[in-house]
Amino acid sequence: MFIADSARRDAAPAAADPQTTAAGVPAPGETAPGETTAGAAAQRAERLRRHAVTPYADALDRYIARNPTQLMVPGHGGSDLGLSARLSEYLGERALQLDVPMLLEGIDLEAHSALDDALELAADAWGAKRTWFLTNGASQANRTAAIAARGLGEHLLAQRSAHSSFSDGVLLAGITPSYVFPAVDTANGMAHGVSPEALDAALTLAEQEGRAAAAVYIISPSYFGSVSDVRGLADVAHAHGAPLIVDGAWGPHFGFHPELPESPARLGVDLVISSTHKLAGSLTQTAMLHLGHGPFADRLEALVERAFGMTASTSTSAIMRASLDIARSALVTGEAAIGRSVETAQRLREVLRADPRFDIVSDHFDAFPDIVDTDLLRVPIDVSATGLSGHWVRNQLITDHALYFEMSTATSIVAVIGAGKTPDAAEIHRALGAVVSSPAADAERAATAGSVEFPPMPAPGARRLSPREGFFGETEIVPAAEAIGRVSADTLAAYPPGIPNVMPGEEITAAAVEFLQAVAASPTGYVRGALDPRVASFRVIRVEE
């Protein structure tokens, strides 16, 4: 595994950004400069003591203990009576009791409420200045970040492989983006990250063309566990006068074990999207947004707070919030359990390396200059030596063994091991072996022999309208042949590798049509955002006659 010093938690911290928590306590595995071992141990003990509590979840427990009669929303009233009997039977009456509305005294209404305490602890845990709890996932965080970034200026530089929710935010906010392309593993159809050198070149070009970026948005880690040099990227962005926003949705567990990468908020990042439910143990659809301590913090804080008010529900789920509070406590106090998960992931890698039918994709991350670290809890497995696609193998594992991998590409499947979880590596290997050596696998190999490879990914067409103008303009649907040279109203992204090939406002080129249709025709590819499975038609801006 290739690991560069700039992303490891033993790297020398920047003078203006020490790797300490918001309360000045060293991060897990760190000893502050000049500090004695005994002093570090005492500080860590105090940190564990403080984070053992779950103020918001405990406040809900106190509310339930009063056995309240609820003449308010939600309509189930927190009981199994009447129409709620089936719901109570399905979820348990305690779930209904915990499902309380917002703005209750003792929970989240008063100044310095239990919610405020939970948020302060979360900020401390991830090394942030301030944290927001989100109940519409990292998608809400992405939209919030985009709207906040618009308050800094119209132009933004974004990694082209940004999640669709960030593109939604760009449209909503009226941002005019320019793009920096990630490194792509063409053999496995995987988009990785951006190097500081590539970011510097893209920002310099934007300045030379009169569209200097007011903010920068990149992704780290990738879906496949590759980690970019976020400290280096933050330094580059700041040198160009822009804050760095990192979509760290897949890294909510970073910073809680010495063998995992550091929390981006401790590496100079200004705003971090963290999808806590993905690997950190909170409930599905929960996330956090962390504000860093950098030079843009004061200005960003007010913008994020206002944007958060636009994207948050006024009926935020108390159960989801409580799960975030509990997950934070479990992460901070659960270093040993996380270590067992890392050991399990490494054991899975070892048994697969010993089998020539499989390869570990992250073993080859050193071929990409943007990758400086690896998330060990993601295990990307290349199955191409079996003559089968990753999509087929993943589906067959579900069908035959009820074994669900997170995702697949044409060549690979990706295992995600949640922090604190220890699945049986030997059993996973046995299931994989059984699937790829089955009669069904033999039939699949025969049926797909001689499959054609995808053509090279084309460059984007020229931007002829802003993304907002392209999205909201008057449209019509035309056959693919007639779409060439027209302006797209949709975002179209071929998988693999998932980088948008056409964005609203961009010209549709002949090369883009050829590429999208080739991917769509393949048994292992599809086009997100297409009007039909074959990409036979396109939604374009209507031309006035």
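1. Start with the contact between H5 and H12. In H5, Leu 115, Ala 118, Leu 121, Ala 122, Ala 125 and Trp 126 touch H12, where the partners are Arg 321, Asp 325, Arg 328, Leu 331 and Val 332. Sorted by class, this contact has 8 nonpolar residues, no polar ones and 3 charged ones. Keep in mind throughout that the model is predicted.

2. Now the geometry of that pair. Two packed helices are described by the angle between their axes and the distance between the axes. H5 covers residues 114-126, and H12 covers residues 318-333. Their axes come within 10 Å and cross at roughly 40°. Angles under 35 degrees count as roughly parallel. H5 and H12 are therefore oblique to each other. The crossing is left-handed.

3. Compare this with H8 and H9. H8 spans residues 196-208, and H9 spans residues 230-239. The angle here is about 20°, and the axes lie 9 Å apart. H8 and H9 are therefore roughly parallel to each other. H8 passes H9 in a right-handed crossing.

4. Which residues make the contact of H8 with H9? From H8 come Pro 196, Leu 199, Asp 200 and Leu 203. From H9 come Gly 232, Leu 233, Val 236 and Ala 237. The set divides into 6 nonpolar, 1 polar and 1 charged.

5. The next pair is H6 and H7. They pack at an angle of about 35°, with axes 8 Å apart. Their crossing is right-handed. H6 brings Ala 138, Ser 139, Asn 142, Arg 143, Ala 146, Ile 147 and Arg 150 to the contact. H7 answers with Ser 165, Phe 166, Asp 168, Gly 169, Val 170 and Ala 173. By class, the contact of H6 with H7 holds 6 nonpolar, 4 polar and 3 charged residues.

6. H6 and H7 turn up again at the largest pocket. The space in this pocket is about 980 Å³. Its lining has 49 residues. Those nearest the centre are His 163, Ser 164, Tyr 223, Tyr 495 and Arg 528. The lining has 23 nonpolar, 21 polar and 5 charged residues.

7. Where does the pocket lining come from? Several elements give two or more residues: helices H6 (137-150), H7 (164-173), H10 (276-279) and H17 (467-472), and strands E14 (407-408), E17 (492-495) and E19 (526-528). Which of them gives the most? H7 does, with 5 residues.

8. Now the cavities. How many are there of 30 Å³ or more? The structure holds 6. The largest cavity has about 70 Å³ of space. Around it sit Ala 158, Arg 160, Ala 162, Phe 166, Ser 167, Val 170, Pro 177, Tyr 179 and Met 503. That lining divides into 7 nonpolar, 1 polar and 1 charged.

9. H7 matters for the bookkeeping of this cavity too. H7 and strand E3 (176-180) each supply at least two lining residues. The largest share, 3 residues, is from H7.

10. A cis peptide bond joins it to Pro 221, with omega about 5°. Pro 221 sits in the loop between strand E6 (216-219) and strand E7 (226-228).

11. Another cis peptide bond runs from Val 73 to Pro 74, with omega near 0°. Pro 74 lies in the loop between helix H2 (55-65) and helix H3 (85-91).

12. Finally, Asn 67. Where is this residue? Asn 67 is found in the loop between H2 and H3, the loop that holds Pro 74. Asn 67 has a positive phi of about 50°, although it is not a glycine.

Terms used. Residues numbered from 1 in each chain as written. Predicted model: local features only at pLDDT ≥ 70, side-chain atom pairs only at ≥ 80, totals over all residues. Heavy atoms only, no water. 1 Å grid on protein atoms, 1.4 Å probe; cavity = no way out; pocket = protein on both sides within 12 Å on 5 of 7 lines; lining within 4 Å. Points joined across faces, edges and corners; volume = space filled by probe spheres on them. Helix = DSSP H or I, 4+ residues; strand = E, 2+ residues; numbered from the N terminus. Nonpolar A, V, L, I, M, F, W, Y, C, P; charged D, E, K, R; others polar. Axes fitted to C-alpha atoms, helices over the stretch in contact; angles between N-to-C directions. Parallel < 35°, antiparallel > 145°, perpendicular 65-115°, else oblique. Left-handed = near helix turned anticlockwise from the far one by under 90°. Contact = heavy atoms within 4.5 Å.
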